[in-house]
Amino acid sequence: MSKITEGAPAPDFELESAGGPIRLGDFAGRTLVVFFYPKDDTTGCTTEAKDFSALAGEFAKAGIAVVGVSKDSLRSHEKFAAKHGLTVQLGSDPSGAMVEAFESWVEKSLYGRRYMGIDRSTFLIADGVIRRIWRKVKVAGHAQAVLDAARAP
């Protein structure tokens, strides 16, 4: 049975980012959006990060922090952000501990080959509690849908 459900406490985490460590506790009393994506500088991941960055001001006005997470290195994240002008914070989880804690490390299949990878998924967290989960995210319109859900009472 899944531990990651709406209404459950969010798993504690600590990630490295260009701005220093990111911890769940840093967002106490605030709303946080965490989006997991498979790989820096790939088509879908770039579009998703750019979409969240384009809405960063709207998220900030609503008091909502946004963090993108993948297993890529901090150096990879820095190059990715610089290349595409990304303004959302990117957290590096090279060990996969956070990805696994949020049950976003899943079996995938491509051309009949099975492998493990990151499920493109997003979590809306308020006061340390998961309020909404999006799994198997389709990128088009997703960042706006998350913003709309985060603004809803």
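**Pairing and packing in a predicted model**

Author: V33 stands opposite L124 in strand β8. The model is predicted, with local features taken at pLDDT of at least 70, side-chain atom pairs at pLDDT 80 or more, and totals for chains, interfaces and linings over all residues. Residues are numbered from 1 along each chain as its sequence is written, and side-chain values use heavy atoms, without hydrogens and water.

Reader: How do you know that β3 and β8 pair?

Author: Strand β3 (residues 31-36) and strand β8 (residues 121-126) share six bridges in the antiparallel sense. Pairing requires at least two bridges by DSSP, so β3 and β8 qualify. Strands are DSSP runs of E with at least two residues, helices runs of H or I with at least four, numbered from the N terminus.

Reader: What makes β5 and β9 the edge strands?

Author: The open sheet has five strands in the order β5-β4-β3-β8-β9, with mixed pairing. Strands β5 (89-92) and β9 (129-134) each pair on one side only. Neighbouring strands of this sheet are turned by 25 degrees against each other on average, direction ignored.

Reader: Which strands does helix α1 lie across?

Author: Helix α1 lies across β3, β4 (64-70) and β8, and runs at about 160 degrees to β3. Helix α3 (residues 74-84) lies across β4 and β5, at about 160 degrees to β5.

Reader: Why are α1 and α5 called oblique to each other?

Author: The axes of α1 (residues 43-54) and α5 (residues 142-151) come within 8 Å and cross at roughly 40 degrees. Angles between N-to-C directions run from 0 to 180 degrees, with axes fitted to C-alpha atoms, for helices over the stretch in contact. Under 35 degrees is roughly parallel, over 145 roughly antiparallel, 65 to 115 roughly perpendicular and the rest oblique; α1 and α5 are therefore oblique.

Reader: Which residues of α1 and α5 meet?

Author: E48, D51 and F52 in α1 meet H142, A143 and V146 in α5, where contact means heavy atoms within 4.5 Å. By class, this contact of α1 with α5 has three nonpolar, one polar and two charged residues.

Reader: Why is the pair of F35 and F52 called stacked?

Author: The whole structure holds eight aromatic pairs. For F35 and F52, the ring centres are 4.4 Å apart and the planes lie at 10 degrees, so the pair is stacked. Rings of Phe, Tyr and Trp (its six-membered ring) pair with centres within 6.5 Å; planes under 30 degrees apart are stacked, over 60 edge-to-face, the rest tilted. F35 in strand β3 and F52 in helix α1 are 17 residues apart, a link between distant parts of the chain.

Reader: How many bridges join β6 to β7?

Author: Six bridges join strand β6 (residues 105-110) to strand β7 (residues 113-118), in antiparallel fashion. E107 stands opposite M116 in β7, and S109 stands opposite R114.

Terms used: Ala, Val, Leu, Ile, Met, Phe, Trp, Tyr, Cys and Pro count as nonpolar, Asp, Glu, Lys and Arg as charged, and the others, Gly among them, as polar.
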